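Here are a few notes to read beside the model. Please keep the structure open while going through the points.

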Amino acid sequence: MSETTADFLLDTRGRAQDLGAWVVGVAFGREGRSCAFALGDGTVRLAQDWRSIAAHDGGCLAIAPDAADGVITGGDDGRLMRVAPDGTATELAKYGSKWVDQVAAHESGLRAAAVGKAVHLLDGKGAALKSLAHPSTVTGIAFDAKGKRIAASHYNGASLWFVAAKEGTPRVLEWKGSHTGVLVSPDGTHVVTSMQENTLHGWRLADGQHMRMAGYPAKTRSFGFTAKGRWLATAGADCVVLWPFFGGGPMGKAPTELAGGDGVLCTTVACHPTQEVVAAGFGDGLVLIAEVASGRVVPVAAPRGSAVSALAWDQVGGQLAFGTEAGFAGLVDLTAR
């Protein structure tokens, strides 16, 4: 595949920019207009005009769509920030010298920030609601689809909390080892974590059944469920590995592999919000999209020698944004013309 061919979509339907710093993450606002890149130098770049917003005094560590519009970010300066679609930056909370390295928000208005061993919940106005304590440092957080529960990964497992409960303890999902990220399936029936080892672990909530997804040559640093939760798409191999979450799977089921064969590790995945389509970024900078049913692969951006570190769809799946460790960023419009 020539670079010209691989860059066809980026050249004809997109735009790109060298942002000059590691792209830690990218997110689209739920309003459908804003796209923001969080950078390792502490700035947030808005894709509409590549304007630089001073968000953190240090590095950005996390970014997520805010509850209604714009994005929220966490940094190593201990601040939880909101960046509006027009670029206005507002401090929502300050947690001293502790890093805010995980953030999440739900369209109901809830926001969450992981700071050390605690997950802090805030309302839509930025007011603190409660703090959820964990036995060790929280490494990942995720709301369920309805915003009624929040999951947190940590050493030796994950904790699942009801956010509206005034008091109480979480449901603790135990599995020994270092868990580094967490997801709740779209239907709320499963929790899955990535691990420090080259494996993932999961729990079926109805009966506590364990699920171990192994065989990766590298750590799985990125994973996500397809729109209806039928497949769990994962990075960490030289292809996109998809585990079936239907027909009794993934226990006893072999995974499906997409877009592999050249030996370069897949570093980042992002699932389309409505279709069984997965975007994937690789260690050499290649970005592509793949259809699960047919296996058809369409290149989006050519390899540029730096690993893809961030990847996100907008809320309807019409735009795809990506960024690399070297600071190259792109935004592609995939809507029909």
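1. Is F328 buried or exposed? The model is a predicted one. F328 has a relative accessibility of 19% and counts as buried, because buried means under 20% relative accessible area. F322 is also buried, with a relative accessible area of 1%.

2. The rings of F322 and F328 have centres 6.1 Å apart and planes at 40 degrees, so this pair is tilted.

3. A search of the whole structure finds four aromatic pairs. In one of them, F225 and F245, the ring centres lie 5.1 Å apart and the planes stand at 80 degrees, so the pair is edge-to-face. This pair links distant parts of the chain: F225 belongs to strand β20 (residues 223-225), F245 to the loop between β22 (240-244) and β23 (256-258). F225 is buried at 10% relative accessibility, and F245 is buried at 11%.

4. Four strands form an open sheet in the order β24-β25-β26-β27, and their pairing is antiparallel. The edges are β24 (266-271) and β27 (297-301); each has a single partner strand, so one side of each lacks a neighbour in the sheet. From one strand to the next, the twist averages 25 degrees.

5. Five bridges join β24 to strand β25 (residues 277-282) in the antiparallel sense. V269 faces A280 of β25.

6. The second largest pocket has a volume of about 290 Å³. Its lining comprises 14 residues, and Q275, V277, I289, R296 and W313 lie nearest its centre. Strand β26 (residues 287-291) contributes the most to this lining, with three residues. By class, the lining has seven nonpolar, five polar and two charged residues.

Technical notes: Residues are numbered from 1 along each chain as its sequence is written. This is a predicted model: local features need pLDDT of at least 70, side-chain atom pairs count only at pLDDT 80 or more; totals for chains, interfaces and linings use all residues. Side-chain values use heavy atoms; hydrogens and water are left out. Two strands pair if DSSP finds at least two bridges between them. Helices (H or I, at least four residues) and strands (E, at least two) are DSSP runs, numbered from the N terminus. Axes are lines fitted to C-alpha atoms, for helices over the stretch in contact, and angles run from 0 to 180 degrees between N-to-C directions. On a 1 Å grid over the protein atoms alone, a cavity is a set of points where a 1.4 Å probe fits but cannot get out, and a pocket is an open set with protein on both sides within 12 Å along at least five of seven lines; lining residues have an atom within 4 Å of a point. Grid points are joined across faces, edges and corners, and a volume is the space filled by probe spheres set on the points. Ala, Val, Leu, Ile, Met, Phe, Trp, Tyr, Cys and Pro count as nonpolar, Asp, Glu, Lys and Arg as charged, and the others, Gly among them, as polar. Rings of Phe, Tyr and Trp (its six-membered ring) pair if their centres lie within 6.5 Å; planes under 30 degrees apart count as stacked, over 60 as edge-to-face and the rest as tilted. Buried means under 20% relative accessible area, exposed over 50%, partly exposed in between (1.4 Å probe, protein chains only).
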